Amino acid sequence: VTETLPAPIARRMRLAALLTVALLGLAGCGSSSDAEPVTPEAITATPAGVQLLSPTDAAGLISEPGVRVLDVRTAEEFATGHLTGAEQLDWYAPDFPERVAELDREATWVVYCRSGNRSSQATALMVDQGFDAVSDVDGGIVAWQAAGLPVEQSAS
């Protein structure tokens with residue numbers, strides 16, 4: 001299509017298309033719990049030292065004694081339903097790295113969020129901070145629930 005248009009118009013159309021794509025990408029970077037984007041990197045890139053587990057494999061690990069579960073969604077998201085026994089630590093909190101540093105580095109951790117984006121970043125941070133055993137639930141709580149696994153509601 002752009003070959004039949006005058007060069008200045010074709011350039012403007014390409015620029016408009018690029019700006020549209022960039023703006024759509026930025027729109028997905030907000031902190032809204034309903035709009036967490038799932039990027040190809042979040043699906044395929046697992047930080048070194050992090051084990052990516054299917055929801056059913058994560059459920060099996062969580063059932064073992066001493067395994068701790070970390071939900072890195074917001075408190076509002078957590079209240080709508082979370083894995084039994086999960087500890088909530090908001091990825092968006094300004095002091096998130098400091099609060100992670102206070103967690104037990106020797107424990108086995110299973111981390112999740114809504115879809116896997118925040119948890120992949122959180123688990124990378126945990127490994128960087130010297131945590132020994134960190135797993136990420138592939139697909140987050142969305143995949144967990146799709147697999148028919150249970151969640152509990154926060155007491156009101």
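This dialogue walks through a few features of a predicted model.

Visitor: What are the ground rules here?
Guide: This is a predicted model: local features need pLDDT of at least 70, side-chain atom pairs need 80 or more, and totals for chains, interfaces and linings use all residues. Residues are numbered from 1 along each chain as its sequence is written, and side-chain values use heavy atoms, without hydrogens and water.

Visitor: Which strand order does the sheet have?
Guide: Strands (E, at least two residues) and helices (H or I, at least four) are DSSP runs, numbered from the N terminus. Two strands pair if DSSP finds at least two bridges between them. Here five strands form an open sheet, ordered E1-E5-E4-E2-E3, with parallel pairing. Strand E1 (50–53) and E3 are the edge strands, each pairing on one side only.

Visitor: How many bridges join E2 to E3?
Guide: Two bridges join strand E2 (residues 67–71) to E3. Leu-70 stands opposite Glu-87 in E3.

Visitor: Is His-82 buried or exposed?
Guide: Buried means under 20% relative accessible area, exposed over 50%, partly exposed in between (1.4 Å probe, protein chains only). His-82 counts as buried because its relative accessibility is 4%. His-82 sits in the loop between helix H4 (75–80) and strand E3 (87–88).

Visitor: Which residues does His-82 touch?
Guide: Contact means heavy atoms within 4.5 Å. Leaving out residues up to four places away in sequence, His-82 touches several residues, including Asp-71, Tyr-112 and Ser-154.

Visitor: Is Gly-148 buried or exposed?
Guide: Gly-148 is exposed, because its relative accessible area is 64%. Gly-148 lies in the segment after helix H7 (140–146).
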